[in-house]
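Hi everyone, thanks for coming. Could you have a look at this one with me for a few minutes?

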Amino acid sequence: MSRIASVLLPMPLPEAFDYAEPEGMGLELGDQVAAPLGPRLLRGVVVGLREAAGGNRPLKPVEGRLEEPRLPANTVEFIQWAARYAVDAPGQPLAIALRGARAPKPRPARVTVLTGVEPARATPARIRVLETARAQALSPPDLARASGVSSGVVKALLDEGVLAVRLVESEARFDEPDPARPGARLNASQAAAAEALKSVLGEGGFNVALLDGVTGSGKTEVYLEAAAAVLAADPAAQVLILLPEIALTQAVIARVASRFGAQPGEWHSDVAPPARRRVWEAVARGRCRIVVGARSALFLPFPYLKLIVVDEEHDASFKQEEGFIYHARDLAVVRGRIEGAGVVLASATPSLETLRNAEAGRYRWLRLSTRHGVAQLPDIELIDLRETPPEHGRWLSPPLVKAMGETFARGEQTLLFLNRRGYAPLVLCKACGERMTAPDTDSWLVEHRYSGRLVCHLTGFSMPKPKACPHCGAHDSLVSIGPGVERVEEEARNLFPEARVAVFSSDTVFDAREARRMIEAMADGQIDILVATQAAAKGHNFPNLTLVGVVDADLGLRGGDLRAAERTYQLLAQATGRAGRRDRPGKALLQTWAPEHAVMQALRAQDRDAFVAAEMGERELAGLPPFGRLAAVIASGTDPVQLDAFVRAMAQAAPNSEGVEVYGPADAPLGLIRGRRRKRFLVRADRSVDLSAYMATWRARVRPPASVRVAIDIDPYSFL
Ligand SMILES: [Zn+2]
């Protein structure tokens with residue numbers, strides 16, 4: 001009997017395709033194969049095998065099995081589960097899972113080896129080279145350097161045939177982590193949490209724990225001890241640590257390396273393709289036991305995953321908004337269930353979804369009460385901008401400026417937090433009132449002074465700042481409205497000319513290395529005033545930072561989406577939590593126009609529980625997450641008539657279902673991106689409804705014209 005192989009291809013196709021298995025190929029589930037699609041030969045993964053029934057039309061055969069690691073069955077199951085949940089094609093998450101497999105292999109290394117030929121002459125320099133080459137396989141330049149000789153000595157030995165150059169494949173192997181190395185010294189609160197976590201994980205199987213501790217309470221040390229226990233208990237166990245920001249990975253990698261005496265695998269978009277390939281292969285072969293990475297690391301082919309840590313679990317960066325739309329924290333819990341692994345969600349300001357699960361007893365709730373060392377939480381004060389506004393054309397109010405002056409005089413550091421990149425969020429013409437907008441997108445252009453350009457933060461479009469108004473032609477009429485970090489930096493420099501002022505945002509800090517350099521400069525005291533977006537507000541420890549000034553505490557509350565208050569609370573609690581470490585008390589000042597707002601009052605009182613209780617109450621009344629489910633549909637198109645007709649037909653086709661309400665279609669708040677008009681539906685459902693199944697049924701009932709794209713977003717975080 002011959003067999004049929006179901007092969008999933010890493011592209012947006014609705015399902016796996018059937019191929020005939022050639023005689024004797026002996027395919028297994030998870031095998032990577034080459035399969036023909038039209039005229040092309042594509043890499044795919046075997047996701048099903050069955051005996052062929054007689055009488056079917058003949059199928060194209062699988063071309064061949066690739067000499068590549070097999071995807072573990074759990075990984076394949078996870079990919080299919082994720083696609084069904086996201087109402088998307090399974091080839092989409094498969095493409096993420098194969099990203100490392102498709103990256104080019106690292107180039108083979110050139111090493112110098114002894115041939116056994118005796119040298120004609122034996123000078124002391126030559127003897128040193130031969131001894132070094134016997135001990136280590138090095139490239140010719142490294143061999144010369146390690147032996148302390150000129151490159152000519154090595155070259156002469158190569159020419160004589162005493163040494164030869166060989167190419168060796170660099171092996172996909174990582175050093176074994178050593179969980180028995182001594183860990184960090186834990187305080188009583190950390191030790192108690194670590195013991196509780198170890199006992200939860202020691203039960204084995206699927207378990208979720210929330211590690212809930214104020215900023216600076218030392219959650220990383222606690223979960224590293226839990227990871228040590230998991231690695232020690234099983235010599236094959238693998239551990240994944242997920243982080244929301246590339247800037248944070250460097251610090252955590254350094255701590256993992258020092259705790260376990262071995263570099264973990266590093267996985268994010270800044271990792272070069274050959275290094276990515278090496279991590280992917282080592283993970284698949286079980287030779288890389290700890291991975292530290294961004295959200296897409298969740299799709300790596302771990303054969304034996306026993307622990308997933310999601311650090312800063314509340315962070316919205318875990319939501320992937322383009323292409324395959326998913327939330328890495330939610331999928332981490334799913335992957336943990338499929339793998340029978342422990343999951344640790346760590347945060348100082350957990351999401352309402354996670355807190356709800358902890359309250360309901362679905363997650364174990366471990367609270368770390370005290371800050372690490374003797375540091376105290378900072379004093380938090382609100383600056384009412386209605387009473388003490390900044391001077392005209394400035395953004396820092398007199399009380400904040402005074403506190404900055406005192407901090408600088410004491411030789412301590414200030415962090416000014418403003419979650420807005422660039423110099424000014426809006427440029428307008430004072431002659432005609434025209435606002436500078438992107439040509440094919442509904443967004444204002446943001447002025448960047450460092451580059452002298454106007455930039456669209458949505459699409460990346462940019463243009464030089466024009467000399468004359470493009471609308472009315474007036475000269476020198478364009479004025480910058482509102483502050484971004486660059487403008488606050490300018491103000492700080494003018495106020496404190498002798499202070500060292502720096503900006504930290506994704507425009508000034510391009511990659512992980514630069515971020516690390518900036519963070520080290522701040523930690524070393526080489527910066528007096530750091531003006532930063534959220535990129536610097538998370539997870540870093542600056543021992544001499546004693547003042548945090550929040551320039552616009554109300555910023556996140558505008559725009560009013562579902563999580564505006566929650567996100568503002570989380571972000572500002574993180575930012576203000578940077579102040580005061582070790583033995584220095586810190587202070588945080590929040591500039592606000594609405595000091596009576598519940599978020600501001602909760603921040604001032606440092607009463608997270610009161611804020612959470614109030615916010616939960618409102619969500620429950622409205623049946624919104626975590627008490628109900630949401631999904632969004634975004635239809636976009638280049639032809640407005642076709643788009644309108646399609647969304648009307650889609651509204652007609654919405655299935656009637658108890659506990660489901662469909663709102664829309666409506667123009668999206670961002671009505672135009674890259675020349676495509678956008679319409680939205682919002683769907684609210686009771687918790688008991690299988691919203692993914694509902695959305696899949698709906699989608700199957702309509703067929704968009706070629707000019708229209710439809711994206712479904714389960715549990716949306718963006719409402720634009
Ligand atoms: Zn004008």
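I'll go through a metal site, a helix pair and a few backbone details.

A word on the source first: this is a predicted model, where local features need pLDDT of at least 70, side-chain atom pairs count only at pLDDT 80 or more, and totals for chains, interfaces and linings use all residues. Residues are numbered from 1 along each chain as its sequence is written, and side-chain values use heavy atoms, with hydrogens and water left out.

Let's start with the zinc ion. Which protein donors does the zinc ion have? They are the SG atoms of Cys429, Cys432, Cys469 and Cys472, at 2.3 to 2.4 Å; donors here are N, O and S atoms within 2.8 Å of the metal (3.2 Å for Na, K and Ca), and water is not among the atoms, so sites may look incomplete. The spacing of these donor residues in sequence is C-x2-C-x36-C-x2-C. Cysteine 429, in strand E19 (residues 426–429), and cysteine 472, in the loop between strand E22 (462–464) and strand E23 (478–481), are 43 residues apart, so this pair links distant parts of the chain. Strands (E, at least two residues) and helices (H or I, at least four) are DSSP runs, numbered from the N terminus.

Is cysteine 429 buried or exposed? Cysteine 429 is buried at 1% relative accessible area, while cysteine 472 is partly exposed at 39%. Buried means under 20%, exposed over 50%, and partly exposed in between (1.4 Å probe, protein chains only).

Aspartate 476 is exposed, with a relative accessible area of 65%.

Now the helices. H4 (residues 124–135) and H5 (residues 140–147) have their axes 9 Å apart and pack at about 115°; axes are lines fitted to C-alpha atoms, for helices over the stretch in contact, and angles run from 0 to 180 degrees between N-to-C directions. On the H4 side, Arg128, Val129, Thr132 and Ala133 meet Leu143, Ala146 and Ser147 in H5, where contact means heavy atoms within 4.5 Å.

Last, two cis peptide bonds. One joins proline 625 and proline 626, with omega about 5°, and proline 626 sits in the loop between helix H18 (608–622) and strand E28 (628–637). Another runs from glycine 664 to proline 665, with omega near 10°; proline 665 belongs to strand E29 (residues 660–673).

Thanks, and I'm happy to go back to any of these.
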